Amino acid sequence: MGENHETTHSEEHHHQELGFWRTYVFSVDHKVIGIQYAVTGLSFLFFGFCLMLLMRWQLAYPGEPFPLIGKLLGDSRMPGGIMLPEFYNQLGAMHGTIMVFLGVVPLAVGGFGNFVLPLQIGAPDMAFPRLNMASYWSYFLGGVVMFLSFFVPGGAAQSGWTSYPPLSVIAESGQTVWLLGMVFLITSSLLGSVNFIVTVIQLRVEGLTFMRLPFFVWSQFVTAFLLLLAFPPLEAAAFMQLMDRVANTSFFMPAGLVVSGQLVEVSGGGSPLLWQHLFWFLAHPEVYVLILPALGIVAEVIANNTRKPLWGYKSMVYSVLFLAFMSFIVWAHHMFLTGMGTVMSAFFQTTTMIISIPSVVIITALLLSLWGGSIRFNTPMLFALAFLPMFGIGGLTGLPLGLAAADIHLHDTYYVIGHFHYVVAPGTIFALFAGIYYWYPKATGRKMSEFLGKLHFWPSLLFMNGIFLPMFIQGLAGVQRRLFDGGVSYAHAEPVLFLNKVMTHSAWGLAIAQLPFVINFFLSLKRGEKVGSNPWQATTIEWLAPSPPPHGNFANVPVAYRTPYEYSVPGQASDYHPQFEPDRRVAGPPDPGEPEAAPATA
Amino acid sequence: MSEAIPYTVDIRPDTGLNNVKLGMWLFLASEVMLFGALFAGYILLRVGSEDWPAGNSILNVPLATLNTIVLITSSVTMVMSWASLLRKSFDKYRLYMGATVLLVVVFLVIKTIEYSAKFDHHLYPSTSTFLAIYFTLTALHGLHVIGGMAVNAYLWGPGAKMWRSAPEQFTNRVEAAGLFWHFVDLVWIFLFPVLYLL
């Protein structure tokens with residue numbers, strides 16, 4: 001045994017001398033992987049945003065040549081700088097795919113989850129560091145495959161991000177590449193979600209019971225379950241669609257299908273609806289994958305900057321659990337108009353109304369947390385505060401869509417686009433910005449500039465609403481989504497067509513409003529104000545580690561003595577009482593492990 | 001030593017699990033959803049079909065029965081190999097794990113014979129929806145079999161060196177591989193009646 005001990009020791013020594021590649025590229029450290037995820041995710045967000053800018057130009061000025069870069073994109077896409085409908089469809093499908101699967105989720109889950117979650121539970125790393133690395137590189141490969149799909153013959157996927165068959169089955173080869181890319185992304189999220197759940201269950205430090213977990217950890221924990229259980233059905237569906245395309249099977253192809261006047265030669269007997277069921281079985285929980293990490297970030301930032309405990313922490317936790325459970329049985333509210341029948345519609349309409357309850361509980365708890373707080377209006381807090389009404393608009397406009405009768409009018413109109421973009425863009429993405437400003441000091445040891453932060457926030461808030469508010473008006477007027485000309489060819493769209501220009505100019509304004517962020521992000525690496533381990537005077541365990549935390553995170557294994565948000569506890573020397581500090585009250589019960597009731601009465 | 005990740009080998013007292021086992025159970029939960037979705041697809045396609053063939057009129061039931069027996073036996077030898085490690089009997093472990101890998105090879109050979117017989121009769125995935133779901137389900141299961149075989153072969157061969165340096169961790173690895181293997185076996189137990197008999 002002694003001999004064996006020596007060999008393992010020498011292996012560990014060898015392990016510590018990591019070169020550049022192992023430290024920054026093929027790293028197994030959760031913080032490096034988190035930053036890799038975040039930077040890659042932000043890059044894809046930018047790329048997806050650029051696709052949207054091209055689309056918005058086409059919608060506001062249909063048929064007019066695109067200025068400056070129009071001719072660079074080639075004759076197969078924009079001959080003479082004028083966009084082809086096929087290219088518009090590619091942009092639409094890939095904008096959705098990239099924003100959801102390559103931008104927001106990797107940043108929210110892969111980035112923030114990887115970086116913050118192990119720190120918040122006092123762990124030295126994720127439970128499976130090498131799986132973690134595999135998860136990032138699988139995501140990266142998926143991203144590369146998706147990006148390259150623009151350059152295959154016929155261009156990228158153009159059947160929408162939902163890839164409904166039969167259209168997607170008879171589409172050009174870009175769709176096959178899309179499916180392969182999805183397989184990589186699903187593998188990545190599977191590896192990641194297993195890792196997250198095991199980490200939370202197994203690596204919590206002593207004293208950190210489930211009801212003492214920061215809400216951010218809860219949100220990531222529940223998100224991981226959604227990813228774990230909802231993605232595999234899409235993987236199955238992706239295999240089936242791949243078979244339909246490559247092996248000429250008919251999983252989703254009905255018999256007697258006629259395309260462009262010609263009978264499609266398939267054995268038939270398949271069901272296009274089957275794809276929709278499998279797709280939305282993933283994609284509705286996916287909506288909560290987009291939202292829950294954002295709620296987690298907002299909860300952290302709000303508790304910290306109101307200097308108050310979260311109002312109704314436990315009801316928020318139970319709501320999040322209930323929300324996750326319900327999210328698996330609402331999927332067919334995306335399919336009210338498929339002819340699946342009124343009984344099915346009634347069922348899914350009921351579950352959809354029920355799922356709005358826990359969301360409202362969480363938002364209400366966050367709103368009430370503001371009550372009576374001495375609020376610090378710093379940049380992360382501004383983004384977190386803006387999240388609440390923006391997400392509120394997104395959520396409330398969803399109710400008419402969840403009612404089968406109202407959905408008949410609103411289905412597939414710009415109203416739907418406005419609804420889910422309010423949830424994800426000024427909702428989730430604002431929360432992600434809040435998270436970046438909030439945890440940047442932890443990752444780099446420097447704060448981002450407050451002035452540039454506010455210069456980023458206010459125009460972004462204005463332009464976000466400039467883009468998405470008019471969509472409700474257009475949608476109510478009956479303008480369909482996915483129209484390549486923005487509705488010019490429809491008489492009923494005429495009165496609201498001018499809004500296309502408002503939205504397009506707002507989109508360009510939003511692009512310019514991101515400049516202060518980009519400058520701030522890079523400039524603060526060198527010029528930002530240097531900070532210690534706890535610049536926000538926060539209470540959760542990640543603020544015990546040095547900024548930036550070294551490999552292994554903590555000098556000594558931390559202990560959690562109390563609930564996560566003990567701000568402004570009466571009788572304390574300062575207005576925050578960190579989870580990781582032993583009791584420092586002069587008078588009062590000496591037991592440090594006392595449950596949360598004690599400080600309130602002290 | 002704050003860099004070492006806790007509970008990779010030993011059990012966390014309040015959860016009663018080590019990381020590897022919990023991770024494997026979670027992975028299997030996602031696998032249940034993967035195959036569950038395909039089975040759900042099978043049901044939906046079959047219910048919507050007017051002339052769904054009886055499985056035994058197209059597929060070779062005796063061969064599949066033989067394969068079922070082979071797979072179940074391999075699950076037994078897998079358990080025996082793990083049990084041998086618990087009783088510190090490495091030679092027996094080698095024997096049983098070797099048998100497991102061999103049985104998997106037998107399974108794959110039989111599966112190949114079945115597939116090529118179908119192709120000889122010009123029965124392809126594109127021929128009918130029944131054959132499409134048959135080929136998709138069995139091929140996906142086959143990929144899992146190959147993956148399991150690779151892991152088992154590694155644990156039988158080069159991976160077994162770990163028995164000397166970290167016997168407890170090695171035993172955990174074999175147990176985790178065993179969990180996966182039993183799952184692959186279980187999927188077949190569902191596949192066999194659904195595709196061949198019903």
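Which residues is M24(B) in contact with, leaving aside its neighbours within four places in sequence? In this predicted model, local features need pLDDT of at least 70 and side-chain atom pairs count only at pLDDT 80 or more, while totals for chains, interfaces and linings use all residues. Residues are numbered from 1 along each chain as its sequence is written, chains are lettered from A and ligands numbered from 1 in the order in which they are written, and side-chain values use heavy atoms, with hydrogens and water left out.

With those neighbours set aside, M24(B) is in contact with A176(B), L179(B) and F180(B), where contact means heavy atoms within 4.5 Å. M24(B) belongs to helix 1 of chain B; helices (H or I, at least four residues) and strands (E, at least two) are DSSP runs, numbered from the N terminus. A relative accessible area of 17% makes M24(B) buried, on a scale where buried means under 20% relative accessible area, exposed over 50% and partly exposed in between (1.4 Å probe, protein chains only). Although M24(B) and A176(B) are 152 residues apart along the chain, their C-alpha atoms are separated by 6.4 Å.

A salt bridge, defined as a side-chain nitrogen of Lys or Arg within 4 Å of a carboxyl oxygen of Asp or Glu, joins K21(B) and E175(B) at 3.1 Å, N to O. This pair links distant parts of the chain, since K21(B) is in helix 1 of chain B and E175(B) in helix 7 (residues 167–197) of chain B, 154 residues apart. K21(B) is partly exposed at 28% relative accessibility, whereas E175(B) is buried with a relative accessible area of 19%.

Chain B as a whole contains seven helices and zero strands. Its C-alpha trace spans about 65 × 35 × 20 Å along its principal axes. Of its 198 residues, 49% count as buried. Among contacts in chain B with a separation of 6 or more, 76% are between residues 24 or more positions apart.

Between the two chains, 38 residues of chain B are in contact with 43 residues of chain A. Together the chains bury about 3,300 Å², with 71% of it on carbon and sulfur atoms; buried area is the accessible area (1.4 Å probe) that two parts lose on being put together, summed over both. The interface has zero salt bridges by the rule, but seven residue pairs are in polar contact (both at pLDDT 80 or more). A polar contact is a pair of N or O atoms within 3.5 Å; within protein, one must be able to donate a hydrogen and the other to accept it, and residues adjacent in sequence count only if both atoms are side-chain atoms. On the side of chain B that touches chain A, two or more residues each come from helix 1 (19–47), helix 5 (129–156) and helix 6 (162–165) of chain B. Helix 1 of chain B gives the largest share of that side, 15 residues.

Over all chains, the salt bridges number eight. In one of them, R481(A) pairs with D412(A), with the closest N and O atoms 3.5 Å apart. R481(A) lies in the loop between helix 15 (450–476) and helix 16 (499–513) of chain A, and D412(A) in the loop between helix 13 (404–410) and helix 14 of chain A, so the bridge ties together parts that are 69 residues apart in sequence. R481(A) is buried at 16% relative accessibility, while D412(A) is partly exposed with a relative accessible area of 28%. The salt bridge between E450(A) and K454(A), also 3.5 Å from N to O, lies within helix 15 of chain A, its residues four apart, about one turn of the helix.

S327(A) is placed in the loop between helix 9 (313–326) and helix 10 (342–369) of chain A. This residue is buried, with a relative accessible area of 1%. A polar atom of the S327(A) side chain lies 2.8 Å from the backbone oxygen of A324(A). Not counting residues up to four places away in sequence, S327(A) touches L226(A), H284(A), P285(A), Y288(A) and I355(A).
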